[in-house]
Amino acid sequence: MRLSIQHQTTYRFSAQQARLVQMLRLTPQTTHDQTVIRWRIDVDRDARLRDRRDGWGNAVTMLYVEGPLDAITIAVTGEVLTSHSDGVLRGVEESLAPDLYRRSTPATLADEPIADWATATAAGADPLAAMHRLNAGLHDRFSVDRGRPEAGLTAAVAWTRTTATPRDMAQMLIAAARALTIPARYVSGYCRTGDDEQATPHGWVEAHVAGLGWVGFDPCVGLSPQDDHVRVAVALDAAGAAPIAGSRLGEGEEQLDVELRVQEA
């Protein structure tokens, strides 16, 4: 599938900022099952952009802007050709050992209810079958909320609700997988959902299965990622794979607006 992506993020500040530094995890990599045809990052003011990789192996762009500024818009446009792989990740150079992804973070810590559910759901299953059961179980348990995620919400708190955003469903799946000692990581990227406009980029999970490698699972659909997914960045949790993160030098508050369209080209 050939996917067209338009992703625009605007920050507005209540007071002028002296300096802005952002890490942009917005650039997908070409793998065996996704080919980046064209990709462009534009900023609506003078800025320095430096390409590099972060500690997880993600392609990142460092953005440096000198003030004074009261707003900034970062726009991404591109096209990616994808193919179906049953969720199996191929053609990616891994810089870290899979066992590292057994480590929990505050956002993905499995409390007793999640751990008990994971154990009961995956009873007697091998790791691959266990992940499919957990993925389908979360899909059945929660209604998907396509709105903007609540900042700082943990997997344990999200578990107590009846609806969940893609980010929170992914972090709950990660918590459940790690409770079973299965290496699991958060994936940020894009997904064609059928909605003309989306509130945020998408999130799902990859789990490491011995003899097979990394395999994707998207609890929003209860299946492995299909050819309507574009993989961008990975980390232990959603914060580590956030599309935009950074700091600013200045007083006041900020307002964030996101416009996102993912369509078949």
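Biologist: What radius of gyration does the protein have, against that of a compact globule?
Modeller: Keep in mind that this is a predicted model. For 265 residues, a compact globule would come out near 18 Å. The protein agrees with that, because its own radius of gyration is 18 Å.

Biologist: What does the C-alpha trace span along its principal axes?
Modeller: The spans are taken along the principal axes of the protein. They are about 60 × 35 × 35 Å.

Biologist: What share of the 265 residues is buried?
Modeller: Buried here means under 20% relative accessible area. By that cut-off, the buried share of the protein is 47%.

Biologist: What share of the contacts with a separation of 6 or more joins residues 24 or more positions apart?
Modeller: Contact means heavy atoms within 4.5 Å. Of the contacts with a separation of 6 or more, residues 24 or more positions apart account for 74%.

Biologist: How far apart are the centres of the positive and negative side chains?
Modeller: There are 26 positive and 35 negative side chains. The centres of these two sets are separated by 4 Å.

Biologist: Is helix α4 largely enclosed or largely open, and why?
Modeller: Helix α4 covers residues 166-179 and reaches 20 Å from first C-alpha to last, close to the 20 Å expected. Of its 14 residues, 13 are buried, so the rest of the structure leaves α4 largely enclosed.

Biologist: Which residue just after α4 takes a positive phi?
Modeller: The phi in question is about 65°. The residue that takes this value, just after α4, is T181.

Methods. Residues are numbered from 1 along each chain as its sequence is written. This is a predicted model: local features need pLDDT of at least 70, side-chain atom pairs count only at pLDDT 80 or more; totals for chains, interfaces and linings use all residues. Side-chain values use heavy atoms; hydrogens and water are left out. Helices (H or I, at least four residues) and strands (E, at least two) are DSSP runs, numbered from the N terminus. The expected span of a helix is 1.5 Å times one less than its number of residues. Buried means under 20% relative accessible area, exposed over 50%, partly exposed in between (1.4 Å probe, protein chains only). The radius of gyration is taken over C-alpha atoms; the globule rule is 2.2 Å times the number of residues to the power 0.38. Lys and Arg count as positive and Asp and Glu as negative; His and the chain ends are not counted. The place of a charge is taken as NZ of Lys, CZ of Arg, CG of Asp or CD of Glu.
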